[in-house]
Amino acid sequence: MRREEKERLDKEELRLRSELKKIKEELDVLYKELREEKEKKEDLNNKIANLKSEISNVRIEFSNRKNEAAKEREKLRELRGEITKLRREAKDLRLKLGRRDPIELKNQLESLEWEYQTSTLTLEEEKRMVRLIEEIRSLVHVAEKLDEKERELKAKEEAYEKAVESLEAVRKELEGLKEKLGELKKKLEVLLERRREINEHIRNIREKISTLKTRREELKEKLKSILREKKTLEEHLLAERVEREAAKLIEKEEELEKVYENMLKELKEGKRIRL
């Protein structure tokens with residue numbers, strides 16, 4: 001009966017050790033897979049950090065360009081105000097000047113001044129001449145002022161055109177940066193999703209490892225119990241064997257005792273002892 005129990009325990013020990021070996025192999029595979037996933041995650045973290053840094057730089061550049069565009073718009077607003085003012089002033093001067101030609105007015109003024117200086121005039125003629133010269137001189141001044149305003153207006157209009165071109169260039173840069181920012185964000189979303197998948201995979205691996213380790217501890221406890229049972233059984237078997245051997249020795253001692261008694265009896269009877 002004890003022999004059958006020992007065979008059962010031996011088989012159970014073999015089964016437990018086999019399952020423990022299988023769990024060890026599975027754990028080795030899982031730990032290797034876990035290391036590989038952690039390496040992938042670390043590589044992704046580096047890529048994500050670099051991409052976030054690039055996105056931050058693009059955002060800074062985008063912000064700088066927006067500020068630049070705002071300055072250009074403010075510059076255009078100021079130029080529009082200055083151009084409007086200059087156009088109004090030039091219009092007023094043209095109204096004063098009428099259809100008079102500035103060059104002819106200068107020539108006329110020079111001619112009148114020469115005539116005034118070289119001619120003998122009556123007092124009345126001199127007064128008329130002075131009033132005419134002053135009138136022409138005033139118109140020449142208006143013409144000069146108009147020329148100055150028109151040159152200034154032209155410069156402002158040219159500056160306005162450059163500012164418009166500059167603003168358009170900045171807008172294109174902003175569109176490019178916005179597009180680039182969108183592409184970088186999409187790449188970041190892909191990497192973040194990939195990292196979430198890896199984190200989920202790592203979590204699953206750890207759960208499997210935890211389950212296997214729990215199972216391993218259960219099997220170890222069972223194996224310890226089996227080994228204790230085997231030890232107890234082997235002790236019992238050994239005791240039984242010792243008892244059997246002792247019984248055999250006692251039996252032999254009893255047989256020898258009988259032989260010895262018979263020999264003594266035969267000696268007393270004077271019989272010859274057979275050895």
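Colleague: What should I know before looking at the numbers?
Modeller: The model is predicted, so local features need pLDDT of at least 70 and side-chain atom pairs count only at pLDDT 80 or more, while totals for chains, interfaces and linings use all residues. Residues are numbered from 1 along each chain as its sequence is written, and side-chain values use heavy atoms, with hydrogens and water left out.

Colleague: How many salt bridges does the structure hold?
Modeller: There are 27 salt bridges. A salt bridge here is a side-chain nitrogen of Lys or Arg within 4 Å of a carboxyl oxygen of Asp or Glu.

Colleague: Why would such side chains pair at all?
Modeller: Opposite charges on side chains can pair when the charged atoms come close.

Colleague: OK, which residue does Lys230 meet in a salt bridge?
Modeller: Lys230 meets Glu13, at 2.6 Å from N to O. Lys230 is in helix 3 and Glu13 in helix 1, so this pair ties together parts 217 residues apart in sequence. Helices are DSSP runs (H or I, at least four residues), numbered from the N terminus.

Colleague: Is Glu13 buried or exposed?
Modeller: Glu13 is buried, with a relative accessible area of 13%. Lys230 is buried as well. Buried means under 20% relative accessible area, exposed means over 50%, and partly exposed is in between (1.4 Å probe, protein chains only).

Colleague: What else is Glu13 in contact with?
Modeller: Leaving aside neighbours within four places in sequence, the contacts of Glu13 are Leu223, Ile226, Leu227 and Lys230. Contact means heavy atoms within 4.5 Å.

Colleague: Now Arg87. Which residue does it form a salt bridge with?
Modeller: Glu157, with the closest N and O atoms 2.8 Å apart. Arg87 sits in helix 1 and Glu157 in helix 3, so the pair links parts 70 residues apart in sequence. Arg87 is partly exposed at 46%, and Glu157 is partly exposed at 26%.

Colleague: And where do Glu221 and Lys224 lie?
Modeller: Both are in helix 3, three residues apart, about one turn of the helix. Glu221 is partly exposed at 43% relative accessibility, and Lys224 is partly exposed at 44%.

Colleague: Which residues are joined into one network?
Modeller: Glu12, Arg15, Glu19, Arg215 and Glu218, through salt bridges that share partners.

Colleague: Last topic: where is Glu253, and is it buried or exposed?
Modeller: Glu253 lies in helix 3, which covers residues 123-268. Glu253 counts as exposed, at 53% relative accessibility.

Technical notes
Helices (H or I, at least four residues) and strands (E, at least two) are DSSP runs, numbered from the N terminus.
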